[in-house]
Amino acid sequence: MGRDNLCQRRCCFPAPDVDCTEHPCGLLHWRRMRFDLITIFPEFFAGPFDHGILRRARETGLVQVNVQDLRVFTKDRHRTVDDRPFGGGEGVVLKPEPLFEAVESLLGHSVGDATQKAARDSGTAIVLMSAAGGLFDQETARRYSRLERVIFICGRYEGVDERVAEHLATEEISIGNFVLSGGELAAMLVIDAVTRLIPGALGNEASSQNESFGETAGPRSAASTMQQARAGSAMLLDFPHYTRPAEYRGWSVPEVLIGGNHAEVAKWRRAAAIEKTRRNRPDLF
């Protein structure tokens, strides 16, 4: 992008009038990072992006932040985004339909179904914020900062239908070994960590290098075993959740959750939690 195009750039949350002839950092070629936040509480973000580095990055056109109300993609008059979990249990689970449609609306195309998945844009990450996700760290922040766009799905309630994690999100991310009321706050932390790594956001690029996590350590040895998890000596992530409909775009809810056998449901959930922990957080074993 050349200097002659920079005056056309605008931030969208809110939309300050940026009328520039060149990027403040003096870069001849620069790019704008876009963040999309899908949430049932859009008002949650009215304020946190108006301060500090994030505000400056938005005002100079380095970062664009868009907030999408998930309830826009509901079909009933109550604007329902959740339902009871298959297999029983407490709380409710966010449904797959509005989340798939919200992401597809932002992307401008379908992500496909079980018979044919659409190709993904390597410059875009679709991130499900979840306590059951892989651990966010500085290396992940660096990786995101090199992308063109990150779409955040902010989970709520007992969780999100697992088909969203498996077939819509490109990855599932947690910010630590604790549980929040929703993914909104977690997404804000990730956006802050990523924004400060974008060239031009800090002013002094050395600031992001000479700080905690500026260098990555070598890989740690892995002594985790499935036997530890089965014996109960390992921390496990939450088991996958599913809700209605039982079949969506060709992806079906595991039959054991619909059968009504509570002992089998408990057994399946334990095994699924172990498998998900092994996949997303092997360090917990």
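Me: In this predicted model, is Arg249 buried, partly exposed or exposed?
Reply: Arg249 sits in the loop between β8 and β9 (251-252). Buried means under 20% relative accessible area, and exposed means over 50%. Arg249 has 25% relative accessibility, so it counts as partly exposed.

Me: What is phi of Arg249?
Reply: Most residues other than glycine have a negative phi. Arg249 is not glycine, yet its phi is positive. The value is near 55 degrees.

Me: Where is Arg79 found, and what is its relative accessibility?
Reply: Arg79 also has a positive phi, near 55 degrees. Arg79 lies in the loop between β2 and β3 (82-83). Arg79 counts as partly exposed because its relative accessibility is 36%.

Me: Why is strand β2 largely enclosed by the rest of the structure?
Reply: Strand β2 covers residues 63-69. Count its buried residues: β2 is largely enclosed because the buried ones number six of the seven.

Me: Which residue in β2 is the bridge partner of Asp36?
Reply: Strand β1 (residues 33-39) pairs with β2. The pairing is parallel and has seven bridges. In β2, the partner of Asp36 is Asn66.

Me: What is omega of the cis peptide bond between Arg244 and Pro245?
Reply: Most peptide bonds are trans. Pro245 lies in the loop between α6 (226-231) and β8 (247-248). The bond joining Arg244 and Pro245 is cis, with omega about 5 degrees.

How values were computed. Residues numbered from 1 in each chain as written. Predicted model: local features only at pLDDT ≥ 70, side-chain atom pairs only at ≥ 80, totals over all residues. Heavy atoms only, no water. Buried < 20%, exposed > 50% of the residue type's maximum accessible area, 1.4 Å probe, protein only. Helix = DSSP H or I, 4+ residues; strand = E, 2+ residues; numbered from the N terminus. Pairing = 2+ DSSP bridges.
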